[in-house]
Amino acid sequence: MSTPYPFTAVVGMDDLRLGLLLNAVSPAVGGVLVRGEKGTAKSTAVRALSALLPGVPVVSGCRFSCDPGAPDPACPDGPHESTDGVVRDARMVELPVGASEDRLVGALDIERALADGVKAFEPGLLADAHRGILYVDEVNLLHDHLVDLLLDAAAMGASYVEREGVSVRHAARFLLVGTMNPEEGELRPQLLDRFGLTVEVAASRDPDQRVEVVRRRLAYDDDPAGFAARWAGEEAGLRARIVAARALLPSVRLGDPALRQIAATCAAFEVDGMRADIVMARTATALAAWAGRSDVTADDVRQAALLALPHRRRRNPFDAPGLDEDKLDDTLKESAGDDDGSGNDDGDDDGGPDGGGGGGLPPQRDGDGGPADTPQQQEPSADGSYTPAQQQTGGGGPAAPGSAAEQPAAKAAEPFRTRMLSVPGLGDGAAGRRSRARTEHGRTTGSRRPQGALSRLHLAATVQAAAPHQRARGRSGRGLVVRRDDLRQATREGREGNLVLFVVDASGSMAARQRMSAVKGAVLSLLLDAYQRRDKVGLVTFRGKDAEIALPPTSSVDAAAARLDTLPTGGRTPVAAGLLKAHEVLRVERMRDPSRRPLLVVVTDGRATGGPDPVALAARAARLHEAEGVASVVVDCEAGPVRLGLAGELAQRLGGTAVTLDELRAESITGLVKDVVRDAQSSSTRRAA
């Protein structure tokens, strides 16, 4: 087994370390979500945490980690007549993004259950993580059906496995820790709210700190065991402090003044529900215990708000997470009145074991293993939060030589609810909420012989297959004699996520401020729809003499919205270039992910200009997409009393359908999906002929 990187050797990342340590002190806080750019030691710190946790007493031989002092009466391995216990190390169980449902919740042998009446259950990751840590790297990429199972287990503290009337239940209480890169997509709100705390991490811009990070990493890679040995003292000290804080936690007092500040803060930031209030109360109590105090102070409440509220005040997928600290301070002062309830207004140290404030993190040391001259403890800075894509410019860059003057970026109009656009036919892509597909979840449409392990039994088809052979198999009594050849797998139909590729006209003909604002509002609305339907999105823009990929296909609609926000306009209208660039993007994505079907959304007025015969060039480029059966929708942005209908002609050549900006609204276009399907089917008929 490889030697883990020591937790105390992580440089900086104060908020990350504090969030993890608070959960180690009080698992009731509810876990932590770590958001940040790649290469910022997110996974390293999380994996190092398990080595700090105290040992866990379990019933000897129990696969479900029952507590000897209070064994689960419904444990599948029970009842436990003997409560002799053993102490094992705390587990950190990692859930891979591509894990199957059976790997997560456990597998039930349906064949033995039907033939022998035996509940043969193989525990899954939820059972392994009981009373430990369940870690999900890239949690934002987790499939929806696994997210649903995690939500159920987190809400009930138990996991239920049911297969055709045969069910197994076991306890599943765990500390949920997730890491994610926001550039790759956001989490579903339901799962986001299940994380007690959230922290933002970003690579330090301080050269000295970056040097120290590299020095320690190289030392660890050269000799992991020796490096860990040099930090063993700090690790033991931090482990002892966690044990002491856990012992102190039940005696920490959360007074009415602090409770009032918590309630006022959650109300001021308009968070949904009451979970935020409860998490803040538990976090503030854990902060006090971690600092070695028996009373919760106003500083504890403030720190708890900074950790527990940023991800809960997010109102839509394009809101940047974070908290207005000035508003927070004003709210705390107003709710405190004359008495802030802190009991610690004199600025002295908070009484923690190491005399430090702000959670009392262990001091950092230099690369040789000796203590650093100054602790690297610091208050969370406002610029420490990660702001993906918003710091980048996107969409076109400088105007092409010879093009019309570039217009400044127009602000997007208010987004609206759009009608659903879907890809015709039946796909096999990743689970989502857009187009029809063969999936593991959904309504049962038929049966087939299982290929590999049976995961979804079609009971009626299985009985029908076994029934003719009962006499030959010597059946006696009421039981059905079932052989493996009789088993039938249920085939199901659900929804898949698609690749929605936007091709946006940013030329001079779109440059009228009000018009471009409406166009951006429409694209923003479609991006919001793509977020809700779990699609990947990409953005191609064209203007001047060429087209460019403003955003390669990604699961992050936030990044697409940020590129759209800074999209300038001006120049000619090279429609053909935009369609050819889109064709190249789809060709590459088809090789990367052949099961994810594309939906091409072209946003233009269709007025192709520039070069010899631009309309004919656009028509030829459109026929490339039609020949490959790409489902297409053209959003017609033409305005004014005189309309040329060029966008409609482009849609015909793409084999798709055209809608105006007004028709794109959900309340305005009854039957748009039928039109998309009908046009695609007509195109297929023409190709076959």
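The residues lining the second largest pocket comprise 21 nonpolar, nine polar and 11 charged (Ala, Val, Leu, Ile, Met, Phe, Trp, Tyr, Cys and Pro count as nonpolar, Asp, Glu, Lys and Arg as charged, and the others, Gly among them, as polar). The model is predicted: local features need pLDDT of at least 70 and side-chain atom pairs pLDDT 80 or more, while totals for chains, interfaces and linings use all residues. Residues are numbered from 1 along each chain as its sequence is written, and side-chain values use heavy atoms, with hydrogens and water left out.

**Second largest pocket**

- The volume of this pocket is about 870 Å³, taken as the space filled by probe spheres set on grid points that are joined across faces, edges and corners.
- Its lining has 41 residues, and Pro 27, Ala 28, Arg 173, Phe 174 and Leu 175 lie nearest the centre.
- On a 1 Å grid over the protein atoms alone, a pocket is an open set of points where a 1.4 Å probe fits, with protein on both sides within 12 Å along at least five of seven lines; lining residues have an atom within 4 Å of a point.
- α12 gives the most to the lining of this pocket, four residues.

**Helices α1 and α10**

- α1 packs against α10 (residues 232–248) at an angle of about 50 degrees, and the axes are 9 Å apart.
- That angle makes α1 oblique to α10 (under 35 degrees is roughly parallel, over 145 roughly antiparallel, 65 to 115 roughly perpendicular and the rest oblique).
- Axes are lines fitted to C-alpha atoms, for helices over the stretch in contact, and angles run from 0 to 180 degrees between N-to-C directions.
- From α1, Leu 21, Ala 24 and Val 25 meet Leu 238, Ile 242, Ala 245 and Arg 246 of α10, where contact means heavy atoms within 4.5 Å.
- The residues of this contact are six nonpolar, no polar and one charged.

**Parallel sheet**

- Five strands form an open, parallel sheet in the order β4-β7-β10-β1-β11.
- Helices (H or I, at least four residues) and strands (E, at least two) are DSSP runs numbered from the N terminus, and two strands pair if DSSP finds at least two bridges between them.
- β4 (92–94) and β11 (197–201) are the edge strands.
- Three bridges join β4 to β7 (residues 133–137), and Val 93 stands opposite Leu 134 in β7.

**Antiparallel sheet**

- Three strands form an open, antiparallel sheet in the order β12-β14-β13.
- β12 (431–439) and β13 (443–448) each have a single partner strand, so one side of each is left without a neighbour in the sheet.
- Six bridges pair β12 with β14 (residues 489–496), and Thr 439 stands opposite Arg 492 in β14.
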